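Please read these notes with the model open beside you. They go from the whole chain to single sites.

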Amino acid sequence: MAHFAKVAEYSAKHPKPEGIEFAYGTAGFRTVGDTLESTVFRVGLLAALRSQGKQGKTIGVMITASHNPEGDNGVKLVDPMGEMLQQSWEGYCTQVANAASSDELVAALAAVVEAESIDTSVTPRVVYARDTRPSGPLLQAALEDGLAALGTDAASYGVVTTPQLHYFVRCRNTAGTDAAYGEPTEAGYFAKYTGAFLRLVDGKPHPSPLHIDAANGVGAPEVLKLAAAAASPYLSIEVHNGDTVTPGKLNKDCGADHVKSNQRSPVGMALQPGSRYCSFDGDADRIVYYYADERGTFHLLDGDKISTLAATYLRDLVAAAGIDDLQVGVVQTAYANGNSTSYIKDTLRLPTVFAKTGVKHLHHEAEKMNIGVYFEANGHGTVLFSPGAVAKLRRATPQTPAQDDAIQRLWALRDLINESVGDAMSDMLLVEAILICKGWSLSQWDEAYTDLPSRLLKVVVHDRTIFKTTNAEQTLTSPLRLQEVVDALVAKFPRGRAFVRPSGTEDAVRVYAEAATRADCDQLAYLVAGAVFDKAGGRGDRPAEFL
Ligand code: NG1
Ligand code: ZN
């Protein structure tokens, strides 16, 4: 195909390493940074085709490996409204990435053009960015070759957070329409989010400073710019772990994933009772909050806590606005703490559903709701206002000043939230705004419910592809009879719950367990992990008992 005339020439500069199979998973391609050059080059080609398939709409490419170790890297595509790549393209990405030669590569690209009836005469448009990883510049150069090979109209945003890139893509594709999202620039991003935040908190007392662990990643410089743009005592921040230069520091013993997984504060943050803390992950799309009580005990406010805080506030505002038939709903995954789910159902009395792990699944479920709040327990999430909800807000005619205030607040919240994807900075402003409006400390926020003790384990097996699940990944259908074993173990523990699923991002099987007490929870996790190891091809050391 003439369209691919330059592909072979450019591809020769970025040969595929032999013996490695790449797979586009929940987080795009993600593996050791040094092995990704050919893949990122090819993602440039795919981004161009995706844009042509969307009549020249702008597609995004983000080079990041999020909370993974600094030596890893990754790349993912962003669709026109700033959402994750449509699932049906994931297979194309995997095929193109694994083509063994230039000829196979061109054939794989031609197959995509054919299958999607792509008009290759359209000028492709792509914007891209990367996080602070050392392998980023080289991978960016490979991406630029891929874009050039197909004559793409391309623009770099340099080093920004993942959600900022999603925002830029959405802004570019909605400019000049009713759905215009904002200015597709960093200054535009900061102006939009800080403006909405300041509208919400105006007139309320100032909060104490917020200590932010930026995981030594791109969130550090960006959140400083955000605070500078706000230029307000309502956003007084202190950034810790903000070293994006010293090799080896990114995500090392810090960041949202570290804090959530280990249930303890990051390196470089000595918690003082009464002070407020949060952690971003390496590309600033996740956030968790935490504090120490008077006895110095660590308390985590994770994605479930953020989601219930946001859902409560939205529910109360909708009621105060006097708008009928506007329902707030919550989407969680099976990793949500059981007590958060009970709280949403029994105390908040809001509808809640479980989606499969991976933000795209939560996003799709939230799209079915009027106002859909979705968060993974690990701190990745956002809120979606459906077109119907926006229309109702537009039509709302306030009868009292209180109703008018509630309606204005709902509009401000909609502007404050990055609807394209979970965003640590936007979510932080959301939490801050709600806490300021309620006059709450972190411990007051924490009072809503107490987490059940939980444990997340990894079991390495010979072949994780034999693990198949149903029921939002809570029930195993394969290996045969393993689920019965899990059920029998769960039944032994009060408030016990456990499930087993293959990871989408790591070569391992994950075991989640919770129960009424820490000892029961640990015992259940250990027994289930042991059963997986013994009955489904465990590799290496058998999971050890907690002591
Ligand atoms: P996997 O590896 O499929 O469990 C992990 C996280 C997801 C999501 C993705 C993408 C857990 C248990 N799993 O998925 O929530 O964030 O990575 O980064 O936290
Ligand atoms: Zn991330």
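1. The protein exposes about 21,400 Å², an area found by the Shrake-Rupley method with a 1.4 Å probe, where for residues only the protein chains shown count as cover. Carbon and sulfur atoms supply 50% of that area. The model is predicted: local features need pLDDT of at least 70 and side-chain atom pairs count only at pLDDT 80 or more, while totals for chains, interfaces and linings use all residues. Residues are numbered from 1 along each chain as its sequence is written, chains are lettered from A and ligands numbered from 1 in the order written, and side-chain values use heavy atoms, with hydrogens and water left out.

2. The protein contains 18 helices and 19 strands; these are DSSP runs (helices H or I, at least four residues; strands E, at least two), numbered from the N terminus. Its radius of gyration is 23 Å, close to the 24 Å that the globule rule gives for 547 residues, so the protein is as compact as a globular protein of that length. That radius is taken over C-alpha atoms, and the rule is 2.2 Å times the number of residues to the power 0.38. The C-alpha trace spans about 65 × 60 × 45 Å along its principal axes.

3. Of the 547 residues, 58% count as buried. Buried means under 20% relative accessible area, exposed over 50%, and partly exposed in between (1.4 Å probe, protein chains only). Among contacts (heavy atoms within 4.5 Å) with a separation of 6 or more, 70% join residues 24 or more positions apart.

4. D281 is buried at 1% relative accessible area, and D285 is buried at 4%.

5. Helix α14 (residues 401-416) has 16 residues and should span 22 Å at 1.5 Å a residue; its end C-alpha atoms are 22 Å apart, which agrees. The expected span is 1.5 Å times one less than the number of residues. Its buried residues are Q403, A406, I407, R409, L410, A412, L413 and L416. An α-helix has 3.6 residues a turn, so residues three or four places apart point the same way. The cover over the buried residues of α14 includes α7 (186-201), α10 (303-321) and β14 (381-385).

6. Some backbone angles deserve a look. Most residues other than glycine have a negative phi, and most peptide bonds are trans. In the loop between β7 (237-240) and α9 (256-262), N251 has phi near 60° and is buried at 11%. D253, in the loop between β7 and α9, has phi near 55° and is partly exposed at 38%. The bond from S478 to P479 is cis, with omega near -5°; P479 is in the loop between β17 (475-478) and α17 (482-490).
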